[in-house]
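I opened this notebook to record what I looked up in one structure, entry by entry. The structure is shown first.

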Amino acid sequence: VYYWKVQSLSRRSRRHVEKKILTFRGNKTSGMLPGLEPYSSYKLNVRVVNGKGEGPASPDKIFKTPEGVPSSPSFLKITNPTLDSLTLEWGSPTRPNGVLTSYILKFQPINNTHELGPLVEIRIPANESTLILKNLNYSTRYKFYFNAQTSVGPGSQITEEAVTIMDE
């Protein structure tokens, strides 16, 4: 069985096509293809091998893999601290593995003894890349947990910490 990725369905970029070959015993009529990427289009064909060598390829069969969860966002940067606000900027996941439906931001204050305060969760539209968090406590450290999600579910998160300023 020869198989190869034609394209990712979430990014239209084409890359070097690497054909993979999987060999099955002669009496097998089915098998699993390892290492397929989510939300991608693949082609495959089958060839019979005997003592004389490899026969002609079957017609190419096209198949698509289902969506998966995205990789973590490529970065999370926290800037412009004021008394009661912080600006968050982020990059989309390098491997969306589907159609992004939203980002999920969770954050909580950390007090001087490193105890965590109440967790706040905000869902952000998938087409956004910045957010200004307002009404925060002055001179307070916050811990942020951030991830992207597809219809399959949330991907892995990245974390960051930032502090609002003491006085202006």
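**Entry 1. Basis of the notes.**
I note that this is a predicted model, in which local features need pLDDT of at least 70 and side-chain atom pairs count only at pLDDT 80 or more, while totals for chains, interfaces and linings use all residues. Residues are numbered from 1 along each chain as its sequence is written, and side-chain values use heavy atoms, with hydrogens and water left out.

**Entry 2. The sheet with β1.**
I looked up the order of an open sheet of 4 strands and found β2-β1-β3-β6, with antiparallel pairing. Its edge strands are β2 (20-21) and β6 (61-64), each of which pairs on one side only. For the terms, I recorded that strands are DSSP runs (E, at least two residues), numbered from the N terminus, and that two strands pair if DSSP finds at least two bridges between them. Strands of a sheet pair through backbone hydrogen bonds, either parallel or antiparallel. I then checked strand β1 (residues 2-8), which is joined to β2 by 2 bridges and runs antiparallel to it. Y3 has K20 in β2 as its bridge partner.

**Entry 3. The sheet with β8.**
I turned to an open sheet of 3 strands, whose order is β7-β8-β11 and whose pairing is antiparallel. β7 (73-79) and β11 (130-133) are the edge strands, each pairing on one side only. On average, neighbouring strands of this sheet are turned by 20° against each other, direction ignored; the axes are lines fitted to C-alpha atoms, and angles run from 0 to 180 degrees between N-to-C directions. Strand β8 (residues 86-93) pairs with β11 over 4 bridges in the antiparallel sense. Within this pairing I located E89, which stands opposite T130 in β11.

**Entry 4. Salt bridges.**
How many salt bridges are there by the rule used here? I record 6, a salt bridge being a side-chain nitrogen of Lys or Arg within 4 Å of a carboxyl oxygen of Asp or Glu.

E89 is partly exposed at 26%, and K77 is partly exposed at 42%.

K143 forms a salt bridge with E161, their closest N and O atoms being 3.9 Å apart. Here too the pair links distant parts of the chain: K143 is in strand β12 (residues 141-150) and E161 in strand β14 (residues 158-163), 18 residues apart. K143 counts as partly exposed at 22% relative accessibility, as does E161 at 35%. Salt bridges that share partners join R141, K143 and E161 into one network.

R47 forms a salt bridge with E54, in which the closest N and O atoms are 3.1 Å apart. E54 is partly exposed, with a relative accessible area of 44%, and R47 is partly exposed at 24%. Over which face does R47 lie? R47 lies over the face of Y2, at 3.7 Å from the ring centre. The rule requires NZ of Lys or CZ of Arg within 6 Å of the ring centre and within 35 degrees of the ring normal. I found K19 with its charged end over the ring of W4, 4.3 Å from the ring centre.

**Entry 5. Aromatic pairs.**
I noted 7 aromatic pairs in the structure. Rings of Phe, Tyr and Trp (its six-membered ring) pair if their centres lie within 6.5 Å, and planes under 30 degrees apart count as stacked, over 60 as edge-to-face and the rest as tilted. One of the pairs, Y142 with F144, is tilted, at 6.4 Å centre to centre and 40° between the planes. Is Y142 buried or exposed? Y142 is buried at 3%, and F144 is buried at 0%. Elsewhere in my search, ring pairs link W90, Y103 and F146 into a cluster.

**Entry 6. S40.**
S40 counts as buried at 1% relative accessibility. A polar atom of its side chain lies 3.1 Å from the backbone oxygen of P38.

Methods: Buried means under 20% relative accessible area, exposed over 50%, partly exposed in between (1.4 Å probe, protein chains only). A polar contact is a pair of N or O atoms within 3.5 Å; within protein, one must be able to donate a hydrogen and the other to accept it, and residues adjacent in sequence count only if both atoms are side-chain atoms.
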